[in-house]
Amino acid sequence: METTNTLILPGRYCNSKNIYSRYKTREVSIGDIPMGGDNPIRIQSMTTVDTMNTMGSVEQIIKMVDAGCEYVRITAPSIKEAENLANIKNELHLRGYHVPLVADIHFTPNAAEVAARIVEKVRINPGNYADKKKFDEIDYTDAAYQAELDRIYKKFAPLVHICKEYGTAMRIGTNHGSLSDRIMSRYGDTPEGMVESALEFIRICEDLNYYNLVVSMKSSNPQVMVQAYRLLVEKMVIENMNYPLHLGVTEAGDGEDGRIKSAVGIGTLLEDGLGDTVRVSLTEEPEKEAPVAIALVNRYTKRAEALSKNEHTPILNISSSDETKAYVSSEVNTFVGGSLVPRIIVDISKENLQDPFVLHAVGYKYDALLDKYHMGEQSVDFVYLADQLPSFTMPGNLKQLYDYKTWGSLKSRSNIHPIYRLDEFNRATEKDPVLNIVYISNVLLASDEFANLQIDKTVVFLLETDHLHGMADQRKFFANIQEIGLDVPVIIKRSYPPEEFNGPFGDLMNPEEPVSKIQVYAATDLGALLIDGLGSGIWIDSPATPLSNLSSLSFGILQATRSRISKTEYISCPSCGRTLFDLQETTQMIRSRTNHLKGLKIGIMGCIVNGPGEMADADYGYVGAGPDKITLYRGKEVVKRNVSSANALDELIGIIKNDGLWIDAE
C-alpha cells in the first residue's frame with residue numbers, strides 16, 4: 001500500500017514525547033476538503049434534525065458550517081434516510097454550500113450502500129455493521145472465529161467496492177460501548193478489543209485495494225479512549241498502516257463537564273501530535289461544538305508555527321527511557337500523595353479577605369447565624385494566600401499556604417504551611433514539621449540547587465513549567481525523578497497569564513458562543529498527566545478567571561480523569577436524527593433531581609444505537625425506545641421497558657432507591 005513517511009518506530013505511538021511533532025498520516029480525499037498528510041486538523045459535527053426533514057437538516061448544516069464545521073455527519077438508519085441525503089445535498093449546493101457530507105451507519109449495510117453513492121464519506125461501526133451485540137459470551141475456536149471473519153468479509157465487501165467506484169471515503173469508527181459479542185468474547189471490554197475490531201475491517205479494505213480510510217476509537221471514558229488511540233497507532237505502524245485519525249470522546253455530556261471531558265481525551269492526543277480531524281460531542285445544539293473543537297485545534301497550529309521559529313529550548317531528559325510510568329509517590333502526613341485522591345489548590349490572595357463569604361466559591365459555605373462553615377463534595381483542600389492575612393477565622397479543615405517569609409513571621413501556624421522557592425528551602429533556617437511545599441521545574445533538576453536539596457518526609461514538589469510544550473516538559477519531569485529514584489508527591493501547577501485569558505471566563509473565543517479557552521487548555525495540560533497516573537494534586541493559576549470557575553474546573557478535570565469523583569456523572573449522547581426525545585431538556589431534567597448522587601454514572605441515550613452498549617460505563621441508563629417510550633437499565637441489564645416519558649424519571653429514581661444508592665439532597 002502507499003504510505004507517507006513517519007518517524008514512529010514499532011512499539012511507539014508518537015514521533016516524540018519531548019518535541020511537539022505531528023504524526024503524518026496518509027492523505028484521504030473527502031470531497032474538496034482532504035484530510036491527513038500536511039492538511040490542517042479538520043473540524044466536524046453531526047446534525048440532530050430528523051434526516052427526512054430536508055429543509056430542517058439544511059438549515060442546521062448551514063449553521064454548523066458557519067460556526068466552523070468542515071465536514072457534517074448525518075444519520076442514515078434506513079434506506080429512505082440514505083436516499084434523502086441526495087435532496088439535502090442538492091439543496092445545500094443550491095444555497096452555495098459544498099461541505100462534504102458523511103452518512104452515519106449502524107446495523108444497515110443496505111443503507112450504507114445507497115449513501116456511499118451520494119455523499120463524500122460513510123461512517124460504519126464495526127461492532128454492529130456486519131456483526132452483532134446481544135451480550136452473549138461465546139467460546140470461539142480459531143476456525144469458528146475465522147468463519148465469522150469470512151462472513152463479515154462477504155457482507156462488507158459490496159460497500160468497499162461502491163466506495164472505490166464512487167471515490168467515497170470511509171471512516172471505520174469503533175465505539176467502546178458497541179464492541180460485538182465476537183470481539184468481546186475474545187478480547188474483552190478493552191482498548192485491545194477496540195483496536196482489533198477496527199483492524200479487521202481495515203484489513204478487508206486493504207485486501208480489496210481500498211485505502212481511502214479514516215479510523216476512530218471513541219469512548220465516553222477519556223482514559224479508555226486515549227489508551228485505544230495510542231494502541232491503534234502502535235498496531236498500525238507494525239502493519240505498515242498510517243490512516244488519518246478522527247478524535248472524539250463520545251457522549252461527553254453538556255456544559256463545562258462536556259467541554260472538560262472532551263479536552264482531556266482529545267487534547268491529550270493532540271499534545272502527542274495525533275489527530276487529523278476532531279469532533280466534540282456535546283448534548284447541545286451542534287453548532288456549539290465547532291467553536292470548542294477550534295479552540296482545541298488552534299493551539300497546536302500556533303505551537304507548530306512557534307516551533308518552526310525555534311522559539312523553544314530542549315526539554316531536559318535525564319531518563320534512560322522515553323516511556324513514563326504511572327508515578328507512585330509517598331504520602332506526606334495524610335495531606336497529599338500516596339493513595340490519597342489528588343488535592344486541589346486555589347489562589348485566594350487577590351480576594352476580599354475580610355469577608356468569610358468569599359470561601360463560598362471554593363466549597364466552604366459560611367453560616368453567619370451559627371458562625372460556622374459547611375463543607376460540600378467540592379470543597380478545595382488548600383488555599384494560597386501569598387502574604388495576605390485574612391481578618392476572619394478559616395475553616396478548621398481548610399489548609400492555608402503562605403510564602404515562606406510570611407509563614408515565618410506568623411505566630412499561630414495551625415493548619416498553615418509554607419511554600420518555598422528551591423533556593424529558599426535550601427537556605428531556610430526554619431521549616432514546617434509536617435508539610436513543606438517546594439517549587440520545582442524540570443529544568444531545575446540539572447541545577448546545583450537541586451543537587452543540594454535535602455529531601456525529607458515533609459517535602460512536596462510544586463511543579464511549574466514555562467516551556468512551549470509544557471505538558472511534555474512536566475511529563476518528562478516525572479520520568480526524570482523516577483530515574484533518580486525519588487517518590488516525593490508532586491502537585492502540578494499551570495499558569496495562564498491574564499493578557500491571554502481575558503474576559504469573564506478567560507478569553508471567550510467567540511462572543512456569541514462563549515468558549516472558555518482556560519477550560520480546554522487546563523483540561524488538556526493537567527488532564528493529560530492525570531490520565532497517565534501522574535500527579536498528586538493540581539493548581540490552576542489563572543488571575544483572569546473567577547474563583548468559583550477555577551474551583552469547578554479543577555474538580556471537573558479530576559472527575560474527567562477518574563482520579564477524584566466528586567459529583568454525579570452524566571454520559572449523554574449529543575443527539576442526532578435517530579433521537580426519540582429532546583436530549584438537552586431531558587438531560588437537564590434528570591440532572592436537576594440526581595446531581596447530588598456523588599459517584600453515580602447515569603447514561604442518557606436518545607435511541608438504542610447509543611443505548612446499552614455506548615453507556616457500558618454507566619450505573620443506570622435512560623434510553624429512548626420509541627415515541628414517548630423509555631427503557632430503563634441497571635448497567636447493561638434492562639429493568640423496565642417502554643415506560644411513559646412522563647413517569648420514566650420517577651421510575652429510574654425508584655430503581656436507584658431500591659438498590660440502596662439513593663440519598664436525599666440537602
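Tyr373 counts as buried in this predicted model, because its relative accessibility is 18%, where buried means under 20% relative accessible area, exposed over 50% and partly exposed in between, for a 1.4 Å probe and protein chains only. The model is a predicted one, in which local features need pLDDT of at least 70 and side-chain atom pairs count only at pLDDT 80 or more, whereas totals for chains, interfaces and linings use all residues. Residues are numbered from 1 along each chain as its sequence is written, and side-chain values use heavy atoms, with hydrogens and water left out.

A search of the whole structure gives 13 aromatic pairs. Among them, the rings of Tyr366 and Tyr373 have centres 5.1 Å apart and planes at 50 degrees, so this pair is tilted; rings of Phe, Tyr and Trp (its six-membered ring) pair if their centres lie within 6.5 Å, and planes under 30 degrees apart count as stacked, over 60 as edge-to-face and the rest as tilted. Tyr366 is likewise buried, at 16% relative accessibility. Ring pairs also join Tyr327, Phe461, Phe477 and Phe478 into a cluster. The charged end of Lys121 sits over Tyr71, 5.8 Å from the centre of the ring, and Arg186 lies over the face of Tyr145, at 4.1 Å from the ring centre.

Tyr71 also takes part in strand pairing, as it stands in β2 opposite Gln44. Helices (H or I, at least four residues) and strands (E, at least two) are DSSP runs numbered from the N terminus, and two strands pair if DSSP finds at least two bridges between them. Strand β1 (residues 42–46) and strand β2 (residues 71–75) are paired in the parallel sense over three bridges. Both belong to an open sheet of eight strands with parallel pairing, in the order β6-β5-β4-β3-β2-β1-β8-β7, whose edge strands, β6 (213–218) and β7 (246–247), each pair on one side only.

The parallel pairing of β18 and β19 extends over three bridges, with Ile491 of β19 as the bridge partner of Leu462.

The second largest pocket has a volume of about 490 Å³, where the volume is the space filled by probe spheres set on grid points that are joined across faces, edges and corners. On a 1 Å grid over the protein atoms alone, a pocket is an open set of points with protein on both sides within 12 Å along at least five of seven lines, in contrast to a cavity, where a 1.4 Å probe fits but cannot get out; lining residues have an atom within 4 Å of a point. The second largest pocket is lined by 17 residues, of which Arg299, Leu468, Arg494, Glu500 and Tyr521 lie nearest its centre. Two or more lining residues come from each of α9 (289–308), β19 (490–495) and α14 (517–530), and α9 gives the most, with four residues. By class, the lining has six nonpolar, four polar and seven charged residues, with Ala, Val, Leu, Ile, Met, Phe, Trp, Tyr, Cys and Pro counted as nonpolar, Asp, Glu, Lys and Arg as charged, and the others, Gly among them, as polar. Leu530, found in helix α14, is buried at 6% relative accessibility.

Most residues other than glycine have a negative phi. Asp628, which is not a glycine either, has a positive phi of about 60 degrees; Asp628 lies in the loop between β23 (620–626) and β24 and is partly exposed, at 44% relative accessibility. Strand β24 (residues 629–634) pairs with strand β25 (residues 637–644) in the antiparallel sense over five bridges, and Lys629 has Ser644 of β25 as its bridge partner. The two strands, β24 and β25, form a hairpin with two residues between them, and Gly635 in the turn has a positive phi of about 60 degrees.

Notes. Lys NZ or Arg CZ within 6 Å of the ring centre and 35° of its normal.
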